[in-house]
Number of protein chains: 2
Amino acid sequence: MLTQGMLSESSGSVTGAGALLSILRDGQARTRAELVQLTGLARSTVSQRLDALLSHQWIVPADDAISSGGRPATAFTFNRGARVVAAADLGATHARVAVTDLASTVLAERRVDLPIDRGPEEVLGWLVVTLKELLVETGGSLCGVGVGLPGPVSHSSGRPVNPPIMPGWDGFPVPDWLGSRLGAPVLVDNDVNIMALGEHWAARRDVEHLVFVKIGTGIGCGIISERRLHRGAQGAAGDIGHIRVTTSDEVVCRCGNSGCLEAVASGAAIATQLSAAGVDAHGSRDVVNLVRQGNTMAVQFARQAGREIGDVLASIVNFFNPSVIVIGGDMAEAGEHILAGVREVIYSRSLPLATQHLSIRATELGDRAGIIGAAVMVIEHVLSPEAVDLVVSS
Amino acid sequence: MLTQGMLSESSGSVTGAGALLSILRDGQARTRAELVQLTGLARSTVSQRLDALLSHQWIVPADDAISSGGRPATAFTFNRGARVVAAADLGATHARVAVTDLASTVLAERRVDLPIDRGPEEVLGWLVVTLKELLVETGGSLCGVGVGLPGPVSHSSGRPVNPPIMPGWDGFPVPDWLGSRLGAPVLVDNDVNIMALGEHWAARRDVEHLVFVKIGTGIGCGIISERRLHRGAQGAAGDIGHIRVTTSDEVVCRCGNSGCLEAVASGAAIATQLSAAGVDAHGSRDVVNLVRQGNTMAVQFARQAGREIGDVLASIVNFFNPSVIVIGGDMAEAGEHILAGVREVIYSRSLPLATQHLSIRATELGDRAGIIGAAVMVIEHVLSPEAVDLVVSS
């Protein structure tokens, strides 16, 4: 039976430290004896792995010593402050950066208006300068950088792929460019994917199938299937903004087709509709402000946009059968009006079996879903058992 | 290090035989030495596990002895004939049963016209009698029964849940009823789910994300996500037949809503359209025959139905980004006309990134996708490493 053990241990004597850290990541303090019981490992093995984690500061002795009859036993707990994470959520018109701990708690944050079409060097240049300022504020050792971009991103290379609203960004080597300036590994994904990741991780971790819909200047969604991000065959999954919702040829979309969801129901589309009706509105922020002020026409248009989005989501509910739909993005701040339109159509059009336990809610993370998701993307990568084992055994 | 081994081996001394069988299931013959090299296990452990698999006849010595310089080494190979599997595909109007080997090869088969609305006792009664006849023909030890039903099925209990076209079946305990009469475990699922499973397993095993669309009396799809069946939160995923494709209130669907895909593009819908136009057609089989005979109106209606289905699938391509869409069911036999309509709309409406490498094909299994899927469902269950370990160690 020794050989089975040797097989599992083949990649280094402290392999398995990552698995132990996974247990401790819930934040609960545990003694050696408790960990021996939880894992079935020998006390000597547990001790060896705890030493490795302690030496890398991923765990710390807990303050509360637990007495087990004899001398007090030391308990250990996850050290969420062991490293810091840099997170950036770059939107069409504004950008947000933050530094978080290893539990995705924001330690310092900046938000500015910064159009993505200024190009990668200007936008990422600002990102580097701002992150360095934030890192001075927070201190700590940077373990990785997570970036969300408002367009398709190749998951493997981290480069944007033909992003429609990001001139100059196509194929730009974001990870290399940032990595060489910040001295840490960089992970990049589509902004809606990271929002879905953030919402799932921080607020709905027990949900198996979740769809996060971002409604802002554009419309897109991030999909959690069996608790993991579903990217699809080309990483293009979730691009619902260009689903046709009207056969009218009058509404031309920036994608070149007509009748796309985004062309009739995005924040930009509602602003256009309001302008045409004589109401001063230039983007999704203006629409949100008008709705909040109770402008009747803005409220009506927002509700109708919710219905159009609900029509697309009703199909998705029948096809995918999620248990939670989360509405986020700028327009989610227009409150219950959008949500009411979405619910109205989904509950009237989707199958009873699929809507019986379906929850349709606004994001619990507000405008921080993206930034928290970007941090989570890095944390899950850095603290994966394989990554921890690699660091510990090197 | 011994303890790690003990942990992995805790459930019995031959645990791990299932993992070894998983390697051999590809049908290739391998020697002890090759298996030692592949697994990293000790020669004594491999021998012990091979003995356990041999004693249960799951593997057999291969005919071809391989010389390794000295005396010829015995090679072992998966014994696909070790057990037989019963598979049933019960459709709205006809039923098919088969007995297969452990590689899902059909050994004996029957197909009859048998409307599902005759109720569970009559339909399942026929199933039991016919399967017993087939088992006499094939011989072999029955290891399980797989059944596909044309309606929603609770995955955990194997009971139909409010199936719209199956009067008398709601909540019927199919697994118990059949199991007590056939003396083997029974697995039940929705017919489209098992078709997706069969197609993926038998013809597209390397594909990560696949959508199998069944077009017959009704319309539904089975979803493979990351090589696994996606059932959704309530097991309702894939029910695309009731997605609204027209806002016209004239086309009322059996579900109570109007404008559903099924009400305009299923075989039954086309037959209704043909009848209204004075062409004699009573169901999807008639439509298929008319299309094959070159009836112009039937061809036109089939192509238009393909376009309607394509419209729904275009949204699904944007949302889910599969790499393969497979068209199956009765109407798939109407050949290229339906497929042409589907392709026309998907390629014009879906995003270029999502369609660039998208393959849209007719099923490679023809009308056997369901029966093979039902067998695969059982085989994957019976030959899972956990199930094999359990049998071997008991």
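**Entry 1. The two copies**

I count two residues as being in contact when heavy atoms lie within 4.5 Å. With this in mind I looked up how the chains meet in this predicted model. I found that 100% of the interface residues of chain A are also interface residues in chain B, so the copies meet through the same surface. I then laid chain A on chain B: a turn of 180 degrees and a shift of 0.0 Å along the axis give an RMSD of 0.1 Å. The two copies are therefore related as by a two-fold rotation axis.

**Entry 2. Confidence**

I noted that the pLDDT of chain A averages 89, and that 94% of the residues score at least 70. Residues 1–13 of chain A have a pLDDT below 50, and this stretch has 25 contacts in the model beyond near neighbours in sequence.

**Entry 3. Chain A as a whole**

I recorded 15 helices and 15 strands in chain A. Its C-alpha trace spans about 80 × 50 × 40 Å along the principal axes. I asked which radius of gyration chain A has. Buried residues make up 56% of the 394 residues in chain A. Of the contacts in chain A with a separation of 6 or more, I found that 60% join residues 24 or more positions apart. The accessible surface of chain A is about 15,700 Å², and 50% of this belongs to carbon and sulfur atoms.

**Entry 4. B:Ile327**

I located B:Ile327 in strand β14 of chain B, which covers residues 324–328. Is B:Ile327 buried or exposed? Its relative accessibility is 2%, so B:Ile327 counts as buried, the cut-off being under 20%. Among the residues that B:Ile327 touches are B:Val213, B:Leu313, B:Leu339 and B:Ala362. B:Ala362 is 35 residues from B:Ile327 in sequence, yet their C-alpha atoms are 4.6 Å apart.

**Entry 5. Aromatic rings**

I listed five aromatic pairs over all chains. In one of them, A:Phe320 and B:Phe319, the ring centres are 5.5 Å apart and the planes stand at 70 degrees, so the pair is edge-to-face. A:Phe320 lies in helix α11 of chain A and B:Phe319 in helix α11 of chain B, so this pair joins two chains. Both A:Phe320 and B:Phe319 are buried. I also noted the tilted pair of B:Phe172 and B:Trp177, with 6.2 Å from centre to centre and 55 degrees between the planes. B:Phe172 and B:Trp177 are buried as well. Finally, I recorded one aromatic cluster formed by A:Phe319, A:Phe320, B:Phe319 and B:Phe320.

Definitions and conventions: Residues are numbered from 1 along each chain as its sequence is written. Chains are lettered from A and ligands numbered from 1 in the order in which they are written. This is a predicted model: local features need pLDDT of at least 70, side-chain atom pairs count only at pLDDT 80 or more; totals for chains, interfaces and linings use all residues. Side-chain values use heavy atoms; hydrogens and water are left out. Copies are superposed by least squares on the C-alpha atoms of residues with pLDDT of at least 70 in both. pLDDT is the predictor's confidence in each residue, from 0 to 100. Helices (H or I, at least four residues) and strands (E, at least two) are DSSP runs, numbered from the N terminus. The radius of gyration is taken over C-alpha atoms; the globule rule is 2.2 Å times the number of residues to the power 0.38. Buried means under 20% relative accessible area, exposed over 50%, partly exposed in between (1.4 Å probe, protein chains only). Accessible areas come from the Shrake-Rupley method with a 1.4 Å probe; for residues, only the protein chains shown count as cover. Rings of Phe, Tyr and Trp (its six-membered ring) pair if their centres lie within 6.5 Å; planes under 30 degrees apart count as stacked, over 60 as edge-to-face and the rest as tilted. Lists of a residue's contacts leave out its neighbours within four places in sequence.
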